[in-house]
Amino acid sequence: MLHAISPIHYLVLSALLLVIGTVGVLLRRNIVVILMSIELILNAVNINLAAFSRMHAQIQGQIFVLTVMAVAVAEAAVGLAVLIALFRNRGTVIADDLDLLKW
Amino acid sequence: MVGTTILPAIWLAPGLPLLGAALMLFFGRAIDHDPDQPSRVPGIVCSTLVALSFLVAAICAWQALMLPGHRFEIRGGTWFAGGEWGLLLDPLSAELMLLIAGIGTLIHIYSTVYMSHDAALYRFFGGLNFFVAMMQILVLANNYLLLFAGWEGVGFASYLLIGFHYGRWQAGVAGMKAFIINRAADAAMVLGILFLMLKAGTAHYGGVASSAAHWSDTSITLAASFLLVGAMGKSAQFPLHIWLPDAMEGPTPVSALIHSATMVCAGVYLIARSSFLFSQAPEVSLATAIIGTITALVAASIALAENDIKRVLAYSTISQIGFMFVALGVGAYRAALFHLFTHAFFKSLLFLGAGSLIHALDGEQNLKHMGGLRREMPATFRVMWIASMALAAVPGFAGFFSKDAILGETLNAPNGWVFLIVGLFTSLLTAIYAWRLMFLAFYGEARQSRDPVHESPAVMTVPMYVLSAFCVLGGWVLPLIDWSAWPLMIASGVIAACGIWLAWRYYLVVPDRRAALDRRFSPIVDFLRNRWYIDALYEEQILNGTILRTASGAARADERIIDETVNGAAWLARQISRVFRWFDRWILDGLVRSSSGAVGFLSAPVRSLQTGFLQTYAFLFVAGLLAALGYYLTR
């Protein structure tokens with residue numbers, strides 16, 4: 001039998017995506033992948049917002065989702081631009097090689 | 001002219017030449033900068049200024065003598081404690097003022113041609129003008145301080161002009177010698193002037209004179225002695241005479257103006273001006289007369305053996321000033337000034353004539369290399385003939401009357417016959433050396449290397465003619481001639497004639513026997529040629545003895561005391577700085593370093609968090625988030 005999809009399922013999916021994204025940010029060395037992992041985190045939050053919006057039958061959550069998407073697009077654009085400039089200057093996109101902030 | 005007077009303008013007499021000297025000092029180099037083409041401007045400017053000075057002096061002297069009391073004084077402000085300073089014109093200063101400006105003018109004119117081959121004439125004429133100005137200040141001063149200012153000024157001018165050809169070693173040394181010997185004598189003179197000021201409270205002649213009337217004999221003797229030493233230095237009296245012959249290294253017009261006619265007379269002037277002291281100090285007066293006698297005799301005898309024409313004349317000058325000192329010593333101030341007057345004319349003429357010879361012979365000064373010049377240089381010969389007649393004191397010429405006045409006065413002094421006998425003997429020597437010069441230079445056969453010789457141009461001969469007129473007429477100052485002393489006149493006339501005859505016989509008629517005679521009396525001849533060994537004595541005793549010892553003592557003191565002090569101070573500074581270095585290194589540096597070290601040490605745990613890796617930061621961020629979350633959830 002097919003169970004109805006309850007909010008709990010959405011929250012589990014969202015938590016899984018968040019963990020995958022966070023682990024990606026922490027463990028992957030390629031900045032392109034890190035940026036992609038950040039997108040995963042943002043989308044985990046979006047799922048949460050959409051699920052609660054439906055559960056409470058209120059529109060504000062879905063509006064927030066659209067706002068987050070717009071900001072995420074802008075963030076990705078700026079992040080990739082920074083990444084290209086970085087690659088041109090340093091010849092690498094590996095995070096461990098970029099340690100100028102060290103004391 | 002009645003009622004009008006230019007007497008207040010008397011300051012122009014020294015002022016105009018001083019202006020000339022200043023012009024030459026500041027603009028001379030701009031006018032006369034090319035050594036290949038010496039400019040005539042300095043000569044013309046300076047001669048004009050001296051001539052104008054003479055004009056002012058002549059008018060002022062004439063107007064002053066018209067005044068009641070025959071004296072005129074302008075007074076300025078107070079200078080030091082010297083009382084009111086200013087210019088004093090009386091018969092004594094008027095005589096010297098006219099002599100200086102008059103002979104100075106003639107010699108300036110003469111120099112414009114004589115020096116025309118030299119470069120940097122602005123230095124020469126500037127120096128001559130400065131000399132004239134200083135000499136005028138010396139004689140016109142109304143107090144001892146201003147007199148001393150002029151006195152030092154002429155000494156300095158003399159130094160400048162003797163060393164005019166400073167490229168020649170002897171000229172530079174002669175300049176220094178003159179300066180140093182004069183300084184030594186001037187030291188005594190400064191003491192004398194200070195003593196006068198101390199006792200009288202003023203340096204003004206009148207003030208000193210009225211004060212001196214009440215002084216003790218000791219004070220007067222002391223003051224007069226100091227002034228006498230100063231006068232001996234400037235007037236080249238034995239034993240301080242040695243600078244004058246060396247001063248002949250200067251150009252001949254300088255010798256004529258400074259070292260015969262004017263500057264060396266400053267000592268005579270000083271004593272005459274201080275007659276109120278000397279007439280009260282019989283011992284000092286006696287010393288003056290004795291010094292004068294010795295000087296006259298020694299210098300005349302040396303002149304006999306000199307071969308350098310200018311040195312003959314230099315020793316002659318010393319000898320003649322010795323005569324003046326004799327006159328001063330026996331109290332015959334008027335006779336001394338009379339002889340100063342006539343001597344200035346014939347001696348400057350002799351020097352100018354000698355300069356004319358030297359000029360014509362391309363700088364030859366040795367009498368042994370002259371001869372028979374009366375044919376080539378008739379004008380010079382004529383004037384030199386007259387001047388030598390005057391020097392030899394042949395009756396009728398200027399020198400005769402003045403020297404006779406001195407010799408006549410010697411008998412008024414106690415034991416004056418000694419001065420008289422020595423004076424007459426010196427007169428004989430004078431006639432001999434004067435005419436020895438004439439016979440060697442102008443008679444006999446030509447010995448000069450240059451041929452033909454040309455007479456000097458009119459610019460040089462005309463001043464000589466003017467002077468020769470004074471050599472003839474200058475003695476006929478009737479009020480000063482004592483005809484009652486006719487036996488003495490006859491005696492000195494005979495002596496002069498004998499001297500000339502001896503010179504003629506010895507140097508012209510029988511020159512062959514001269515060598516034999518020189519050999520027979522060779523000790524005497526050597527003694528005279530070496531100038532009585534006075535210069536050698538100075539060199540041996542003063543230069544190599546006293547001064548060398550003093551200098552080496554000073555050098556030792558320098559080494560032992562001053563150098564050691566400096567080195568000791570350096571050592572002390574090093575020791576002190578060593579302590580400071582230790583403090584710096586261990587205390588100050590330690591504080592600074594330990595504070596920075598403490599910061600570094602304490603920050604070490606925190607610093608290790610700053611890995612610089614982006615993901616470390618992200619991990620810490622997440623860990624912190626989870627910790628906070630865990631805390632809230634488990635609470």
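1. Basis of the values. In this predicted model, local features need pLDDT of at least 70 and side-chain atom pairs count only at pLDDT 80 or more, while totals for chains, interfaces and linings use all residues. Residues are numbered from 1 along each chain as its sequence is written, chains are lettered from A and ligands numbered from 1 in the order in which they are written, and side-chain values use heavy atoms, leaving out hydrogens and water.

2. Helix 15 of chain B. Helices here are DSSP runs (H or I, at least four residues), numbered from the N terminus. Helix 15 covers residues 333-360, and its end C-alpha atoms lie 40 Å apart, in agreement with the 40 Å that its 28 residues should span; the expected span is 1.5 Å times one less than the number of residues. A kink of about 25° is centred on His343(B), the bend being the angle between axes fitted to the seven residues ending at a residue and the seven starting there. After the helix comes Asp362(B), with a positive phi near 60°.

3. Phe341(B). This residue belongs to helix 15 of chain B and is partly exposed, at 21% relative accessible area. Beyond its neighbours within four places in sequence, Phe341(B) is in contact (heavy atoms within 4.5 Å) with Glu95(B), Leu99(B) and Gly474(B). Glu95(B) is 246 residues away along the chain, yet the two C-alpha atoms are separated by 7.8 Å.

4. Aromatic pairs. Rings of Phe, Tyr and Trp (its six-membered ring) pair if their centres lie within 6.5 Å; planes under 30 degrees apart are stacked, over 60 edge-to-face, and the rest tilted. The count over all chains is 17. Among these, Phe381(B) and Tyr443(B) are edge-to-face, at 5.7 Å centre to centre with 75° between the planes. The pair joins helix 17 to the loop between helix 19 and helix 20, its members being 62 residues apart.

5. Cysteines. The structure holds zero disulfides over all chains, a disulfide being a pair of cysteine sulfur atoms within 2.5 Å. For Cys471(B), the closest cysteine sulfur, in Cys265(B), is 14 Å away, too far for a bond. Cys471(B) is buried at 0% relative accessible area, and Cys46(B) is likewise buried at 0%.

Methods
Helix = DSSP H or I, 4+ residues; strand = E, 2+ residues; numbered from the N terminus. Buried < 20%, exposed > 50% of the residue type's maximum accessible area, 1.4 Å probe, protein only.
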